[in-house]
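Please find below a short note on the model under review.

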Amino acid sequence: MTDYVLERDRKLPVISHYDIIVVGAGIAGAAAALAASRHNKKVLLIERMYAIGGLATLGLITVYLPLCDGTGRQVCFGLNDEFLKLAISRGYEDKYPDTWLPRPTDEHGGQRFEVGYNAHVFAVLLEQELLKAGCTVLYGTFAAAVIKKDDLIDSIIIENKDGRQAIKTQAVIDATGDADICAIAGAKTAIFPDGNPLAAWFYETSEGKTKRKMLGAADILSANPFAESPRQIESKRYSGLDAAEVSEMTIASHKASLDEFFKNGNVSQTHSLTALAAIPQLRKTRRLVGNYEMNASLQHEYMCDSIGLIGDWRKAGPVYELPFGSLFSDAVPNLASAGRCISVSDDMWDITRVIPPSVVTGQAAGTAFSLCSDLRTLDVGILQNTLHDDGVVIHEREL
């Protein structure tokens with residue numbers, strides 16, 4: 001039998017009001033906050049850690065996966081162009097396609113339009129871009145609850161060093177990666193049934209060279225001949241939605257990283273464990289069940305409510321138009337999801353969870369709420385025109 005304690009009701013101070021609150025400062029959250037801020041909205045970006053970028057920086061998953069379809073056509077544009085170039089604006093680590101920037105050519109020889117970047121440099125550059133656009137960034141902060149009026153979110157309850165407080169808002173973007181806000185706001189969600197394999201990516205400096213070491217977390221290996229294939233660590237799977245389990249996973253990741261590092265000797269002036277992942281390297285946990293569920297069979301399909309294009313990072317050929325209906329549910333119409341927790345089928349989830357789709361959906365969500373705080377009433381044509389003006393290619397026939 002479970003014991004309970006009764007928490008005393010509290011009056012919470014309302015510390016501010018924002019047009020849009022973005023919860024989670026991973027790549028999707030950064031794109032959403034930047035897009036909305038550039039459209040002159042008052043935006044708050046909430047992040048529990050102390051850097052921008054999520055798995056792409058703190059998680060050391062430092063591969064900006066393809067902006068192309070693998071046959072020589074770039075398909076992801078808009079903020080994806082900007083973010084990729086920003087990531088390597090002060091140098092790059094690997095995979096730099098010299099002849100492909102700013103646009104791939106037919107002479108790609110199978111190479112994908114992707115790059116390897118430095119996580120820490122990218123994180124700070126993203127932070128600077130957000131501040132330049134007027135976005136407020138609040139680190140060390142959890143979104144603990146929501147207050148709703150009818151179907152709409154009225155306030156986000158946060159917890160940080162200042163205690164428990166409320167912030168009023170007109171719209172919320174869930175970029176947590178785990179659909180945390182969707183779940184607590186009462187939107188329908190779904191859990192990935194197969195769980196996540198253990199991942200332990202880290203950086204090692206040895207003999208004057210710093211290299212990313214990739215251990216684990218690749219269920220479907222890429223058909224790209226240039227891609228690295230992470231070595232599996234163990235057979236256990238993790239849901240990513242249980243605190244004790246995620247702690248166990250993190251501890252196992254630390255041990256696997258250290259064991260691998262010590263294979264090349266102990267610590268010395270020429271052998272250093274340069275960077276260890278600061279957050280769990282989870283891929284698919286929980287997602288929104290939105291107005292539309294995108295699936296992987298819809299290659300090259302015209303979507304009348306498309307908000308941008310993506311390819312398949314695992315293989316050449318597919319192009320998808322991402323539908324606006326995958327970003328929200330009428331159940332909570334001033335809440336949108338972005339990144340790896342949008343509404344997609346299980347077979348599509350592995351395609352949309354990575355950086356380029358996260359930027360596409362983040363930019364679309366931030367832009368949508370810059371136009372209207374009730375997504376049920378938003379004119380999708382106006383959203384598409386606004387995204388197009390911001391450099392996004394909406395339909396495949398425009399390529």
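**Notes on the predicted model**

1. Strand β8 and strand β18 (residues 335-337) run parallel and are joined by three bridges. Within this pairing, Asp174 has Ser337 of β18 as its bridge partner. The model is a predicted one, and the points that follow should be read accordingly.

2. Strand β8 (residues 163-174) also runs parallel to strand β1 (residues 14-23), with eight bridges between them. Here Tyr18 is paired with Thr169 of β8.

3. With strand β7 (residues 152-160), in contrast, β8 pairs in the antiparallel sense, over six bridges. The bridge partner of Ile158 in β8 is Gln165. β7 and β8 form a hairpin, and two residues lie between them.

4. Ser306 belongs to strand β16 (residues 306-311). Is this residue, Ser306, buried or exposed? Its relative accessible area is 0%, so Ser306 is buried, the cut-off for that term being under 20%. The side chain of Ser306 reaches the backbone oxygen of Ile394 at 2.6 Å. Leaving aside residues up to four places away in sequence, Ser306 touches Glu321, Leu322, Pro323, Gln384, Ile394 and His395.

5. The second largest pocket holds about 240 Å³ of space. Its lining consists of 13 residues, and Glu93, Tyr203, Thr210, Lys211 and Arg212 lie nearest the centre. Two or more lining residues come from each of α3 (119-132), β12 (209-213) and β14 (271-276); β12 gives the largest share, three residues.

Key:
Residues numbered from 1 in each chain as written. Predicted model: local features only at pLDDT ≥ 70, side-chain atom pairs only at ≥ 80, totals over all residues. Heavy atoms only, no water. Helix = DSSP H or I, 4+ residues; strand = E, 2+ residues; numbered from the N terminus. Buried < 20%, exposed > 50% of the residue type's maximum accessible area, 1.4 Å probe, protein only. Polar contact = N/O pair within 3.5 Å; in protein donor to acceptor, adjacent residues only side chain to side chain. Contact = heavy atoms within 4.5 Å. 1 Å grid on protein atoms, 1.4 Å probe; cavity = no way out; pocket = protein on both sides within 12 Å on 5 of 7 lines; lining within 4 Å. Points joined across faces, edges and corners; volume = space filled by probe spheres on them. Pairing = 2+ DSSP bridges.
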